[in-house]
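Reader: Could you walk me through how to read the features of a fold, one at a time?
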Amino acid sequence: ANRWIGWPGIASDDLSDTERKDIVTELKKHHCYPVFLTQKQLQGFYNGYSNSVLWPLFHHMKVEAGDTAANWRAYKEVNRLYAETTLKLSRDTDRLWLHDYQLMLLPEMIRVARPKGRIGFFLHIPFPSPDLFLASSHAASLAKGLLGADLVGMHTASYTDNFLAACRELGIGIIGPRKVVLPERIVRVTDLPIGIDYKKFADASRSLDVSLEHKKLLWKYRGKKVILTIDRLDPSKGLVGRLKAYRMLLAENPKLHGKVVMVMQAMPSRTEVAAYQKLRVDVGEAHRTLIGHFRHEIGHYYWEQLVKGRREDECREVFGDHDNPTYSEALEKYYKDGAPGDWAQGYVSAYATMHPWEDFAETFAVWLTPDNAWRSRYRGWPALKKLEYVDELMTALRGKPPSEVVTDPVDPLWKMRKTLRR
């Protein structure tokens, strides 16, 4: 049977010996096996190095804090604990699937102990440009760590290109098309896009709760154009930039007053990390500034409640989760099904950390303007490249069933399994 190995979600300091045994027993029923970590290890490995160093670095943001010798030691120590647990629970013939930026050293650690092992690794976040990655004092260790795998998967071709370019600069192996040739073996590096459980969300969108919420939204925002953003409360999402762009949009386009509303969902996360705590404050300040200037143009009720720190279970009631996605699904249904009058349909989404927020104000203005002459006049704007993508996406989604939109779905794990069998 397949086995899952990971942290059980609570610091071992807070557990008695009996509780630890109970957790092990209960998880084993589901083929899951815990790696227990102390609060100190979590602080250094997870909050410190993983989320204060790697997360901003890999999202092209400035590393403000956390790049300390102590945090790096904690990162290596926890990766070693994962290696020990994985080796103890697996056989030489097992295929191992390792995941994400928290465990970038793990493939090499397992490879040292198991030279003939079959190891796959998937990175769930972007891989940065080589110049940014190589600025890290641990770049070589991280790259060699990933190359312990037989197959390294990333979301897009540009991320794999970045990784291969970084390996070339570091002088690791011989770089070929989608591969790194090492003295003892070849590591394949390829893009394996992943998605969501579409059927689960599609079924939820047809539920009674979602239908009722959908009708409320149609009435609440009648006669207005809506800008919808749904994100975690995370520095990489450009939330403050979006609010500044929206303020600029309203300031420079008085005719839009009373005709446009911005609905922003932002689920709090990693609340122990200083950068996330600061973002919470910054977003709140940007929101209050907007409210002061343009009270009637801002749809903020749900978003404001969430940012102010509602408990997680209360947030699920308002926003929904995988099992009860009422509010979010109602918004999705609103965009999918359309609405009467002068409603706009579409998402305005991009990495605001990589583009000036003024570009987004321009994008908003063009998108919200009914005269298509704006589009032809400013076709060369960088901001419109994002807009053109949104147009294509929404054109595809309107009037076409999902089976026609996604013509060649690929299960990335199936693809990885097939690759490793070769």
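Author: Helices here are DSSP runs of H or I with at least four residues, strands are runs of E with at least two, and both are numbered from the N terminus. Please keep in mind that this is a predicted model.

Reader: How many helices and strands does the protein chain come to?
Author: The protein chain has 19 helices and 10 strands.

Reader: And what share of the residues is buried?
Author: Buried means under 20% relative accessible area. By that cut-off, 47% of the 422 residues in the protein chain are buried. The chain exposes about 22,100 Å², of which 54% is supplied by carbon and sulfur atoms.

Reader: What do contacts say about residues that lie apart in sequence?
Author: Take the contacts between residues at least 6 apart in sequence: in this chain, 71% of them join residues at least 24 apart.

Reader: Where should I look for nonpolar cores?
Author: The general idea is that in soluble globular proteins, nonpolar side chains tend to be buried together. In this model, the largest nonpolar core has 53 residues, and Phe58, Tyr75, Met104, Phe127, Leu142 and Phe163 touch the most other members. Helix α2 (residues 39-58) gives the largest share of this core, eight residues. For a closer look, take Leu142: beyond its neighbours within four places in sequence, its contacts include Tyr49, Trp72, Tyr75, Met104 and Phe133. There is also a second, separate core of 17 residues, with Leu249, Leu250, Ala266 and Leu290 among them.

Reader: Which strand is joined to β9 by bridges?
Author: That is β10 (residues 260-268), which runs parallel to β9, with nine bridges between the two.

Reader: What surrounds Asp231?
Author: Asp231 sits in strand β9 and is buried, at a relative accessible area of 18%. Its side chain makes a polar contact of 2.6 Å with the side chain of Arg242. Not counting residues up to four places away in sequence, Asp231 also touches Lys237, Leu239, Gln265, Ala266 and Met267.

Terms used:
Residues numbered from 1 in each chain as written. Predicted model: local features only at pLDDT ≥ 70, side-chain atom pairs only at ≥ 80, totals over all residues. Heavy atoms only, no water. Pairing = 2+ DSSP bridges. Buried < 20%, exposed > 50% of the residue type's maximum accessible area, 1.4 Å probe, protein only. Contact = heavy atoms within 4.5 Å. Areas by Shrake-Rupley, 256 points an atom, 1.4 Å probe, with all protein chains shown as cover. Polar contact = N/O pair within 3.5 Å; in protein donor to acceptor, adjacent residues only side chain to side chain. Core = buried A, V, L, I, M, F, W, Y, C linked by side-chain atoms within 4.5 Å.
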